[in-house]
Amino acid sequence: MKEISEKIYKRFGYSPEFSFYNRDLEDYILNLFPDDKYLAETVRLYTPSSTQSSHKYVPHDVVEAGELGKISRGETGFFSDGSIILDIGSGGGNAVRDINKKYHHDNIRCIGVDIRYTIQSPLYNLPFKFVAGEWGKMPFHDNSFNRLLTYESFPRYALSRTTSKEDYISTFKEITRIAQPETIWRGTLGKWSTDVDELHPAIQMVKNGWTVYEYPDEIFIATLDEKNL
């Protein structure tokens with residue numbers, strides 16, 4: 001167990017779940033940056049223009065390779081100079097630590113937020129930033145971040161962590177609130193029964209102003225075009 005994780009465990013206690021969701025940056029890169037791994041034809045695009053009704057969005061089956069490259073911008077575009085990154089559901093914090101260590105010369109900052117740090121005691125005193133907070137109510141100002149990471153956290157487990165449909169829907173608004181226009185969001189969707197269900201994460205993102213690219217293996221890339229809150 002690495003040093004920063006040991007400090008977190010010592011302060012907030014240990015649980016098997018907390019230990020399991022403690023990914024290193026190399027895991028994030030391998031699993032959240034599939035730009036060169038899949039052909040463009042396998043990527044599904046959700047946009048407001050694909051609306052069938054006021055509540056249903058149908059993904060396009062084909063994305064032009066040039067368009068995809070321009071939007072996703074790959075690993076280099078995500079970790080570009082001045083990126084302010086929020087890891088939502090950062091768990092033990094290895095990835096946050098790795099990002100700050102690897103990219104600190106490029107004016108890149110990463111903050112981790114997780115309810116398991118406890119609401120009362122944010123980890124402001126550690127070498128890297130870890131802040132206590134819930135997905136639906138995060139302690140950040142509007143437009144605080146231009147990059148988001150949600151690896152095996154939100155929205156994968158959103159329905160099981162919220163108390164109602166309304167809470168679930170409002171969480172997408174909260175994440176959009178703290179994001180700047182043109183923010184790039186990379187994460188994992190989880191398995192959903194249908195892609196035209198109103199509660200599908202991609203549909204909720206689109207309703208709040210995001211364009212969503214869904215790759216195989218539950219991976220997505222989203223860009224915030226214009227906030228719709």
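## Where Arg 44 sits

Arg 44 stands opposite Glu 214, a residue of strand β7. The two strands involved here are β1 and β7 (residues 210-214), and they pair in the antiparallel sense over three bridges. Keep in mind that you're looking at a predicted model.

## The sheet around it

Now zoom out. Strands β1 and β7 belong to an open sheet of eight strands, ordered β1-β7-β8-β6-β5-β2-β3-β4, and the pairing is mixed. What stands at the edges? That would be β1 (44-46) and β4 (130-132); each has a single partner strand, so one side of each is left without a neighbour in the sheet. On average, neighbouring strands are turned by 20 degrees against each other, direction ignored.

## Helices on the sheet

Helix α6 (residues 94-103) lies across β2 (84-88), β3 (109-114), β4 and β5 (145-150), and it runs at about 170 degrees to β3. Helix α8 (residues 165-178) packs on the sheet too, touching β2, β5, β6 (179-188), β7 and β8 (219-224). The direction of α8 makes about 125 degrees with that of β6.

In total, the protein chain has nine helices and eight strands. Of its 229 residues, 53% count as buried.

## Charged pairs

Side chains of opposite charge can pair when their charged atoms come close. Here the count comes to four salt bridges. In one of them, the side chains of Arg 23 and Glu 152 meet at 2.6 Å, N to O. Arg 23 is in the loop between α2 (16-20) and α3 (25-32), while Glu 152 is in the loop between β5 and α7 (158-161), so this pair ties together parts that are 129 residues apart in sequence.

Back in helix α8, Arg 177 and Glu 174 lie three residues apart, about one turn of the helix. They form a salt bridge, with the closest N and O atoms 2.9 Å apart, and both residues are buried. Salt bridges that share partners join Asp 142, Glu 174 and Arg 177 into one network.

## A buried loop residue

Finally, have a look at Asn 208, which you'll find in the loop between α9 (201-207) and β7. Asn 208 has a relative accessible area of 2%, so it counts as buried. Leaving out residues up to four places away in sequence, Asn 208 touches several others, including Phe 172, Lys 173, Thr 176 and Leu 224.

Methods
Residues are numbered from 1 along each chain as its sequence is written. This is a predicted model: local features need pLDDT of at least 70, side-chain atom pairs count only at pLDDT 80 or more; totals for chains, interfaces and linings use all residues. Side-chain values use heavy atoms; hydrogens and water are left out. Two strands pair if DSSP finds at least two bridges between them. Helices (H or I, at least four residues) and strands (E, at least two) are DSSP runs, numbered from the N terminus. Axes are lines fitted to C-alpha atoms, for helices over the stretch in contact, and angles run from 0 to 180 degrees between N-to-C directions. Contact means heavy atoms within 4.5 Å. Buried means under 20% relative accessible area, exposed over 50%, partly exposed in between (1.4 Å probe, protein chains only).
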